[in-house]
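Colleague: I have just opened this entry, and I would like to learn how to read its features one at a time. Could you take me through them, giving the general idea before each case?

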Amino acid sequence: MSKIVDGNYTSVVYSLIKDKQYNDVIKIITNMSDRKRNTRPGLSLLAYCYYYTDDFQNASTIYEQLAALWPQETDYKLHHAQSLYSAGRYEDALRAANGITKSGYENQVRKLTAAIRYGMEDIAGARSLLETNTGPKDDPDIDINYGCLLYKEDRYEEALQKFLNAQTMLGYRPHLSYSVALCYYKLKDYTSALKHIGDIIERGIREHPELGIGMTTEGIEVRSVGNTLTLHESALVEAFNLKAAIQFEKNDIDSAREALTDMPPRWEEELDSVTLHNQALCSMDMSPTQGFHKLQFLMQQSTYPQETLQNLLILYCKHGYHDLASDVISTYSPVKDKYLSNYIREFVDAVIAQQTSPDDAYRKLDNMANKLADSLRKVTRSVQESREARDDKRTKRALLDYENTLEKFIPVTMAQAKIYWDLENYAQAETIFYKSVEFCNENDTWRLHVAHVLFMQEKFKEAIAFYEPIVKKNYNNILSVNAIVLANLCVSHIMTAQNEEAEELMRKIEKEEERLYYQEPEKKVFHLCIVNLVIGTLYCSKGNYEFGISRVIKSLEPYNKKLGMDTWFYAKRCMLSLIENMTKHIIVMRDSFYNECLVFLNQCEFHGKEVATMPDEEDPTNKKELNNVTCEARLLKSLILRQLEY
């Protein structure tokens, strides 16, 4: 920049703008002397470049200066209002837009004012402005604007039609295609949504190879592409976020995470709030602390995705942080009515109340369940009537309403049952589930929790009837089934003398783990390990320690892959139970069995140096050198050797 010769600034600056190198232009102009920079061309170019680097705050400041210095130029006033709107300063933007009275700008001002009203959630005000439109009737912006309003009013089918009409007039536009995909997503037509998302991504890869799409997933170290105008116009960030949301809805968290890492690479401080929000949700199963930090950070910003508050509260309740959930509700009380539906407010309030008054919580949840059950019955009648009338459109809408209501009903039922689950009153929990059988019988989540309740009551035959269909549905991808479900099904088979079925299931799991090991040698899977641990624990609890401990030992082989904080916790519980009963002379074991236990503990001692037995923050001794499997294995071995001495 220092080598630019006087007289060449204009050609250099406009060449950079042509190449969309706006940041370089900003550096050149800001390094100029005040005399050169504070000219009309200098300020105008600076504001333009700020705007197209998404620095709307600085853009609005410069445009305000231009509008004051050259009041006859109405374009500066319009750009000033546009910049304020883009910066989220809606009140200021509205005042600036209302100050533009020059003839010929009415249609532009009306569109901008409608957009500002839309941003302020004043849907009625935005609609009234659009309805007074005096511009051409075939303007595609009209369909787009009405589509946005209909979307806000949850009228997704009508919004979709408006966006498709605009697409017919304009041809392919990335953001328009994204709007179509978003409507399909809301209508739960994920196949159509993914098709439009795929078009956006495919065109992005073909037309913008410089954006490095998918490079992060491939493990290549790449630099940030920044929040450029090209990235914004491509709608790639929005498309990948929507793809992640669809995979998340389908409970395919790995694919959701992959979608987020496939998007053009940016530094964390450059990420938009939606991407940061989605990263937080997708990291909750692996790193809840990191996920909570991101959601808390978003809540401290001036703007954040509407779902952030709701998801933070639900996740706090899910992870048992009820005090933090109460604090969040108190802190964000002024905006909770705006961002939380009545359903979420009532549900979170009931779950928090459960900690101090289970009876009060149950009453609140029961009121919610009764209202939702009534809604489900009404929607069911609507589905039947529309089918009898052969009204496909109405049937589709009614079915969507049914699914949405059922999604609210199931968590309420689960929360009711959990009150009795925590009290170990499994029979009452079972009764609650059977009250909702008319609506939830085909829902896998409901069936899974019924199976757990039956299992805890040792109704193993009935539990098999609920577990088995879920496992068979995913038999070809059995490792996608939760390990505890497979373990409980195996135990149920064993307890009902169906040992062959249990062994066949375990062989299938072992075969799938071996196949996965050859494909991804570094990936750790614990399904067979957990199954063997559960079976081993069961036999130990029944007093058959020789067989039980043998299953525990088998579960941790090979030790370098299976030995972990959680697996060691359950293995050592069985060993401690064995030692306690030996000390009390309740059981006497063969010498060969003692040797098996000592060999097992030797292996745990050898492989457990780097395996912690509890998280560092939960270690009361604060002695990291003692917080590992090696130390605990030595202690258990010394206890067994003392028994042998006696």
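Modeller: Let us begin with a term: a salt bridge is a side-chain nitrogen of Lys or Arg within 4 Å of a carboxyl oxygen of Asp or Glu. Please keep in mind throughout that this is a predicted model. With that term in hand, we can say that R127, E153, R155 and E158 are linked in a network of salt bridges.

Colleague: How many salt bridges does a search of the whole structure find?

Modeller: The general idea is that side chains of opposite charge can pair when their charged atoms come close. Searching the whole structure gives 39 salt bridges. One of them joins the side chains of K294 and E268, at 3.8 Å from N to O. Because K294 lies in helix α18 (residues 288-299) while E268 lies in the loop between α16 (253-262) and α17 (273-282), this pair ties together parts that are 26 residues apart in sequence. K294 itself is buried, its relative accessible area being 11%.

Colleague: Which residue forms a salt bridge with E605, and where in the chain do the two lie?

Modeller: The partner of E605 is K637, with the closest N and O atoms 2.9 Å apart. E605 belongs to helix α35 (residues 591-607) and K637 to helix α36 (residues 629-645), so that distant parts of the chain, 32 residues apart, are linked by the pair. As for accessibility, E605 is buried at a relative accessible area of 17%, and K637 is buried with a value of 17%.

Colleague: Let us turn to helices. Which residues of α8 are buried?

Modeller: The general idea is that an α-helix has 3.6 residues a turn, so residues three or four places apart point the same way. In α8 the buried residues are V109, R110, L112, T113, A114 and I116. The elements covering these buried residues include α6 (74-86), α7 (90-98) and α9 (123-131). The helix itself, residues 106-119, has 14 residues and reaches 20 Å from its first C-alpha to its last, which is close to the 20 Å expected at 1.5 Å a residue. Just after α8, E121 takes a positive phi of about 65°.

Colleague: What is T113 in contact with, leaving aside its neighbours within four places in sequence?

Modeller: With those neighbours set aside, T113 is in contact with L94, A97 and L129. T113 lies in helix α8 and is buried, with a relative accessible area of 7%.

Colleague: How should I read an annotation from a record, such as the "coiled-coil region"?

Modeller: An annotation of this kind may be inferred rather than shown by experiment. Here the unreviewed UniProt entry gives "coiled-coil region" for residues 492-519. In the model, the chain over residues 492-519 is 89% helix and 0% strand, with its end C-alpha atoms 32 Å apart.

Colleague: Where does V525 lie, and which residues does V525 touch?

Modeller: V525 has its place in the loop between α30 (499-519) and α31 (527-541), and V525 counts as buried, at 14% relative accessibility. Not counting residues up to four places away in sequence, V525 touches E513, L516 and K562. For a sense of distance, V525 and A81 are 444 residues apart in sequence, and their C-alpha atoms are 56 Å apart in space.

Colleague: How many aromatic pairs does a search of the whole structure find?

Modeller: The search finds 23 aromatic pairs. Y48 and Y52 form one that is tilted, with 4.7 Å from centre to centre and 50° between the planes. Y48 counts as partly exposed at 30% relative accessibility, and Y52 is partly exposed with a relative accessible area of 26%. Y185 and Y190 also form a tilted pair, at 6.0 Å centre to centre and with 35° between the planes, and both of these tyrosines are buried.

Colleague: Which charged residue lies over the face of Y118?

Modeller: K152 lies over the face of Y118, at 5.5 Å from the ring centre. In another case, the charged end of K408 sits over the ring of Y343, 5.8 Å from its centre.

Methods:
Residues numbered from 1 in each chain as written. Predicted model: local features only at pLDDT ≥ 70, side-chain atom pairs only at ≥ 80, totals over all residues. Heavy atoms only, no water. Helix = DSSP H or I, 4+ residues; strand = E, 2+ residues; numbered from the N terminus. Buried < 20%, exposed > 50% of the residue type's maximum accessible area, 1.4 Å probe, protein only. Expected span 1.5 Å × (residues − 1). Contact = heavy atoms within 4.5 Å. Phe/Tyr/Trp six-rings, centres within 6.5 Å; stacked < 30°, edge-to-face > 60°. Lys NZ or Arg CZ within 6 Å of the ring centre and 35° of its normal.
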